[in-house]
Amino acid sequence: MPQKKIALINDITGFGRCSIAVMAPVVSAMKIQAVAVPTAILSTHTQFPEYYFDDYTPKMRDYIQTYKNLDMSFDAIATGFLGSEEQVDIVIDFIRTFKKPGVFTLVDPVMGDDGLLYKTYTPALSEKMKGLVRYADILTPNLTELCALTGTEYRDGNFNNTELENLCQQLSAQGPEHIVVTGIHCEDRQIMNFVYSKGEKPKSVMVDRIGGDRSGTGDVISAVIAGMYLNGHDFYDSVKRSTEFASKCVAYCEEQHVPTHWGLSVEMFLRDLMED
């Protein structure tokens with residue numbers, strides 16, 4: 001069987017373990033070829049006091065045209081942080097071109113956290129992101145993003161399972177077959193990941209909350225989900241494996257006093273993702 005390929009549409013950051021820099025080794029450990037489609041190039045990510053930033057938007061169309069000319073194919077497409085309306089349009093065009101029968105798209109709508117959207121998210125860009133949802137087979141919003149995409153007032157920790165299911169149904173009606181709402185705080189000690197699939201009863205994956213939030217955690221979780229799902233595992237098991245892997249990395253970082261903005265030390269546990 002030919003080796004599978006996944007297109008990773010995200011930024012490339014040199015230091016900080018986020019975006020493509022952390023997603024590529026994760027899927028590679030799962031025997032999947034990672035193909036980078038950069039949206040920006042950064043020396044360090046934006047939580048560092050200093051960083052170099054190169055917006056790759058003007059170059060993205062020419063970069064992608066090479067893949068079109070070569071008639072390349074992918075088995076999956078994963079999208080992450082997008083910084084402008086034009087980038088969303090470019091990504092939609094990429095999906096329309098390369099999403100053939102049997103290819104799935106994972107959209108991580110990186111829009112905000114803790115009830116607040118990032119400063120780059122204008123009302124126009126937020127509407128564009130809602131349009132991208134229609135092209136997703138798998139959607140991985142956090143609670144802030146779930147609320148933003150459905151026009152719901154944010155209430156941290158105050159949504160019951162029925163409300164979460166109803167919000168997921170709203171999004172699923174637009175396209176996604178599978179949705180996981182990540183990082184929902186349950187009191188101070190646990191985090192819930194709400195797993196929704198069309199035609200199935202929703203499930204929850206609970207993990208212990210270890211330390212503070214760490215940069216790149218969402219990228220790691222999305223990469224493991226994409227890799228597991230591409231390798232034939234069902235969605236719930238893919239989510240469960242992703243949270244277990246992330247938790248193990250977080251626990252190591254806490255023990256070793258790794259700064260939170262340095263991301264997850266995935267290198268220590270990539271072997272755990274390998275399958276026969």
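Predicted model: local features only at pLDDT ≥ 70, side-chain atom pairs only at ≥ 80, totals over all residues.

Colleague: Which way do the side chains of S4 point, and are they buried or exposed?

Modeller: In a regular strand the side chains alternate between the two faces of the sheet. In S4, Ala76 and Ala78 point one way while Ile77 and Thr79 point the other way, and all of them are buried.

Colleague: Which strands does S4 run parallel to, and how many bridges join them?

Modeller: Strand S1, residues 5-15, runs parallel to S4 and is joined to it by four bridges, and S5 is likewise parallel to S4, with four bridges between them. Isoleucine 9 stands opposite threonine 79 of S4, whereas isoleucine 77 has threonine 105 in S5 as its bridge partner. Between S4 and S5 the chain passes through H3, making a β-α-β crossover that is right-handed.

Colleague: What do the buried residues of H4 pack against?

Modeller: Helix H4 spans residues 123-132, and its buried residues include Leu125, Met129 and Leu132. The buried residues of H4 pack against strands S4, S5 and S7 as well as helices H3 and H5.

Colleague: Where is glutamate 145 found, and which side chain of opposite charge is nearest to it?

Modeller: Glutamate 145 lies in helix H5; it is buried yet has no salt bridge, since the cut-off for one is 4 Å and the nearest side chain of opposite charge, lysine 130, is 14 Å away. Leaving aside residues up to four places away in sequence, glutamate 145 touches Asp108, Pro109, Val110, Met111, Gly112 and Thr140.

Terms used. Residues numbered from 1 in each chain as written. Heavy atoms only, no water. Buried < 20%, exposed > 50% of the residue type's maximum accessible area, 1.4 Å probe, protein only. Helix = DSSP H or I, 4+ residues; strand = E, 2+ residues; numbered from the N terminus. Contact = heavy atoms within 4.5 Å. Pairing = 2+ DSSP bridges. Right-handed = clockwise from strand over helix to strand, strands pointing away. Lys, Arg positive; Asp, Glu negative; His and termini not counted.
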